[in-house]
Amino acid sequence: MGRCQVDNPHDHEMQVAQKTKTMRILFLMMSLAAACGLEAQTFAHYTTNERQQWQKETKVTLQAKAKGQPSLEVKNNQQGRVFRHWGTCFNELDLDAIRLLRPEEQERIMHDLFAPDGDLHFTRGRLSMNANDYSRAWYSCDTVAGDFQLKHFNIEHDKQNVIQLIKMAQRWQPKMTFWVSPWSPPAWMKINQDYPVRSSEWNKQAKEKDYLLFDDGGIPDPKEMQTADVQRDHLFPRKLASQTYFIQDPRYLQAYANMFCRFIELYAEENIPIDMVMYQNEAYSYTPYPGCAWTAEGTLRFNRDYLIPTMRKKHPEVDVCIGTLNTNRLGYVKRFLDGLKDQVKGVGLQWEGRQIIDSLILRYPNLRFIQSESECGNGQMDWKAGEHTFFLLNEYVGRGCEEYYIWNFILSDQGSSSWGWKQNALVQVLSADKTYRYTPEYYAVKHFSHFVEPGSRMLAFKPWDKDSGTQAIVFRRPDGKRVVVCGNTHDGAQPLTIQLGNRFLNVNLAPHSFNTFVEK
């Protein structure tokens, strides 16, 4: 009889052992690759130029060698500063602009700006207590002189106007939160008894009252604030106000602090949550529209002795930040911020305030820094304006600001205010035929906010370089994916190399382009 062939049990055990060993080695190699950042090597590339917006290009693969000197280096374990919010302001003239459009167009725009599945992903809004320069006309929440008990304080005007705009945004982003600052107190609380700081053809303040601003009787240059006419690269303001325009009487100061609390309470009744306040918009712009000049002493007194203790008592859940600071006079800012640094949560900066961010972060490392309002432009809403806003986004966030706020998100035509200044917006409505378009500034913002969500960490930053025309910033999102946002303002293509761990992003940026690279 023939014999049956029987497998050697020992050989079978050896095969199993070898297979297990091979699998372990493969698993070890995969783990090592992941730990070294070698597993995910491709980035999706989105780009915008003046002719084509938000184009998805061919994917980009990280390379083992640099093609040029790296402009930025990001280590695998780098932490960085947490970025918290993208947001915008809510103004009456924005409401007027969007109401020119059909309801379905209005909803499409609000979706694109505020919805989680939209374009810009705004999660936070800035409000004005009383009128601002993009209100239709001057008004306040309490026009009764001497009403220290606030019996006549109300937000009925807001309910019919700006709150309508807020509700439109909340339909798409119901978790939106807000913060507030006034442009001007009620006129009866100011030494000039009017909403503006200085007289002009756009208001009714008597010229004789202009002497209140400076001890020597001078008046500010009416063009000092307008970038279209004057380059704001000097010390700003050239001359500081000699006195605070808010009446320095304890009854007035306490009533004003109480107004902030009452405003928060009335807005809460409208399901609009306010969790942060700043005492004044641009205390160093001596305006022909609603405004209020404050000295360092007045700023310190009101915040330290009235606003902060009142908020702690009545609304401890609301943060008090100092701002909005639109001056590059660092020594002057220190005069009041040194006295408030342990009592406020943060600092709001805009315009010339950008120039002292680095020094402020170094001196006050425990405070958070907020870009409180983007620069407004001159109503052209063109590519040049888009490039400037892209520069500002890179600068403020790269230098350490944790929140960034757009000023007007939609305006009609050339964005004229009620006091004669033309300004830009993300969306332009053409009143003649009731159509609209997304401006280059819209896409400048989208290249940042679409992929960089709240909670992302800013890892590295390259300021705009005049010679190369390039600028760049790197984030790591909460899901661990990296995002690189970079731009080129030159007429020709420009190479850019960024080191990410032990690999390199080598790219060639098209002329005059915004670019976002998102790890896949």
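Which residues in α3 meet which residues in α5? Q106, M110 and F114 in α3 meet L165, M168 and A169 in α5; contact means heavy atoms within 4.5 Å. This is a predicted model, where local features need pLDDT of at least 70, side-chain atom pairs count only at pLDDT 80 or more, and totals for chains, interfaces and linings use all residues. Residues are numbered from 1 along each chain as its sequence is written, and side-chain values use heavy atoms, with hydrogens and water left out.

**View 1. Helix α3 packs against helix α5.** α3 spans residues 103-114 and α5 spans residues 162-170. Helices (H or I, at least four residues) and strands (E, at least two) are DSSP runs, numbered from the N terminus. The two helices pack at an angle of about 70°, with their axes 9 Å apart. That makes α3 roughly perpendicular to α5 (65 to 115 degrees; under 35 is roughly parallel, over 145 roughly antiparallel, the rest oblique). Axes are lines fitted to C-alpha atoms, for helices over the stretch in contact, and angles run from 0 to 180 degrees between N-to-C directions. By class, the contact of α3 with α5 has 5 nonpolar, 1 polar and no charged residues. Ala, Val, Leu, Ile, Met, Phe, Trp, Tyr, Cys and Pro count as nonpolar, Asp, Glu, Lys and Arg as charged, and the others, Gly among them, as polar.

**View 2. Three strands form an open sheet in the order β13-β14-β15.** The pairing is mixed; two strands pair if DSSP finds at least two bridges between them. β13 (410-412) and β15 (435-438) stand at the edges, each with a single partner strand, so one side of each has no neighbour in the sheet. The twist averages 25° from one strand to the next. β13 pairs with β14 (residues 427-430) in the parallel sense over 3 bridges. L411 has Q428 in β14 as its bridge partner. α3 packs on this sheet and touches β13, β14 and β15. The direction of α3 makes about 15° with that of β15.

**View 3. Strand β17 is buried on both faces.** 7 of the 7 residues of β17 (residues 470-476) are buried, so the strand is largely enclosed by the rest of the structure. Buried means under 20% relative accessible area, exposed over 50%, partly exposed in between (1.4 Å probe, protein chains only). One side carries T470, A472, V474 and R476. The other carries Q471, I473 and F475.

**View 4. β17 pairs with β16 and with β18.** β16 (residues 457-462) runs antiparallel to β17, joined by 5 bridges. M458 has F475 in β17 as its bridge partner. β18 (residues 482-488) is also antiparallel to β17, through 7 bridges. R476 stands opposite R482 in β18. β17 and β18 form a hairpin with 5 residues between them. In the turn, G480 has a positive phi of about 90°.
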